[in-house]
Amino acid sequence: MQRYRINYFYFIKVLVIGVVTSIAWVLLWHFQVDRNANEYQRRADSAIENGDLREALKNIHQYTKMREDDLEARVQLANLAIDITKSDDVEREDHGLAFNIVLETVRHVPDDLELRRTLVDMLIRYQMFPEAIRNIDTILIQKPNDKELMTMKLQTLFAAKNYKQGITYACKLIGLNKTSEEFDSSKAVAADQPKVYSLFADILRRRENDLDLAKIVVEQMVRSEERRVGKECRSRWSPYH
């Protein structure tokens, strides 16, 4: 029986050539991807300069597919989609596309509070109230004194028909002890927001049929507004202002 001897030198040579070729192909692939990505970015920038937002969106979208870790590009993509929904030639499909892009971008860039705030508006528009409240709470962790956002949360709780939690939250905002029907300004966190009072009083009348407490809330709103206006007047006419 004939025996065959392995040519180790030839085997190693083929192996080395194969490894080098594979590395070369990988490097060439990355080079091609980088070149294509840069070209998409260049086209997007050019389209933005020419005011062609749709063309810019298409190219920056292709760019983000190649550069998934470029968070700035993702935010740019989301903002372009939002700008298209505000343009004169907006189409129905643009709103859905913008929503999906913004939702995906917030998942990748969770600390962009401005974009998350835009997402909240979209979620409310599509009546996705639980998700909207969750995102509002996320923003409030970073911006605990945002009274406008607190008011929006209250409105969203009522829109979601989460009346029990909404009433509890409203009492917290205006410093109301619902049992004693007394107000404590030291515990209020948004006592100067008229919309909080009006939303709360409306629910008390329509949902809870508590006309007496609704009246108390409205009266407190009037007093709060009087204090606010008086403070503004004193500040405006102060000799030290």
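The legends below describe close-up views of a predicted model. Residues are numbered from 1 along each chain as its sequence is written, and side-chain values use heavy atoms, with hydrogens and water left out. Because the model is predicted, local features need pLDDT of at least 70 and side-chain atom pairs count only at pLDDT 80 or more, while totals for chains, interfaces and linings use all residues.

**View 1. Overall fold of the protein.** The secondary structure comes to 10 helices and 2 strands (DSSP runs numbered from the N terminus: helices are H or I of at least four residues, strands E of at least two). From the N terminus on, the order of elements is α-α-α-α-α-α-α-α-β-β-α-α. Of the 241 residues, 34% are buried (under 20% relative accessible area; exposed is over 50% and partly exposed in between, with a 1.4 Å probe and protein chains only).

**View 2. The largest pocket.** The space in this pocket is about 210 Å³. A pocket is an open set of points, on a 1 Å grid over the protein atoms alone, where a 1.4 Å probe fits and protein lies on both sides within 12 Å along at least five of seven lines; lining residues have an atom within 4 Å of a point. Grid points are joined across faces, edges and corners, and the volume is the space filled by probe spheres set on the points. Among the 13 lining residues, S185, A191, D192, S224 and R227 are the closest to the centre. Helix α10 (residues 211-236) gives the largest share of the lining, 5 residues. By class the lining holds 5 nonpolar, 3 polar and 5 charged residues (nonpolar: Ala, Val, Leu, Ile, Met, Phe, Trp, Tyr, Cys and Pro; charged: Asp, Glu, Lys and Arg; polar: the others, Gly among them).

**View 3. The second largest pocket.** Its volume is about 150 Å³. The lining consists of H61, T64, K65, R74, L77, N100, I101, E104 and T105. Two or more of these residues come from each of α2 (53-66), α3 (71-85) and α4 (92-108), and α4 has the largest share, 4 residues. The classes are 2 nonpolar, 4 polar and 3 charged.

**View 4. The aromatic pair F99 and Y126.** The whole structure has 2 aromatic pairs (Phe, Tyr or Trp rings, the six-membered one for Trp, with centres within 6.5 Å; planes under 30 degrees apart are stacked, over 60 edge-to-face, the rest tilted). In F99 and Y126 the ring centres are 5.1 Å apart and the planes lie at 65°, so this pair is edge-to-face. F99 belongs to helix α4 and Y126 to the loop between α5 (113-125) and α6 (129-142), 27 residues apart. F99 is buried, at 10% relative accessible area, whereas Y126 is partly exposed at 37%.

**View 5. Surroundings of I174.** I174 is part of helix α8 (residues 163-174) and is buried, with a relative accessible area of 2%. Beyond its neighbours within four places in sequence, I174 contacts F183, A188, A190, A191, V196, Y197 and F200 (contact: heavy atoms within 4.5 Å).

**View 6. Two loop residues with positive phi.** Most residues other than glycine have a negative phi. Q127, in the loop between α5 and α6, has a positive phi of about 60° and is exposed at 60% relative accessibility. N209 has a positive phi of about 55°; N209 lies in the loop between α9 (194-206) and α10 and is exposed at 60% relative accessibility.
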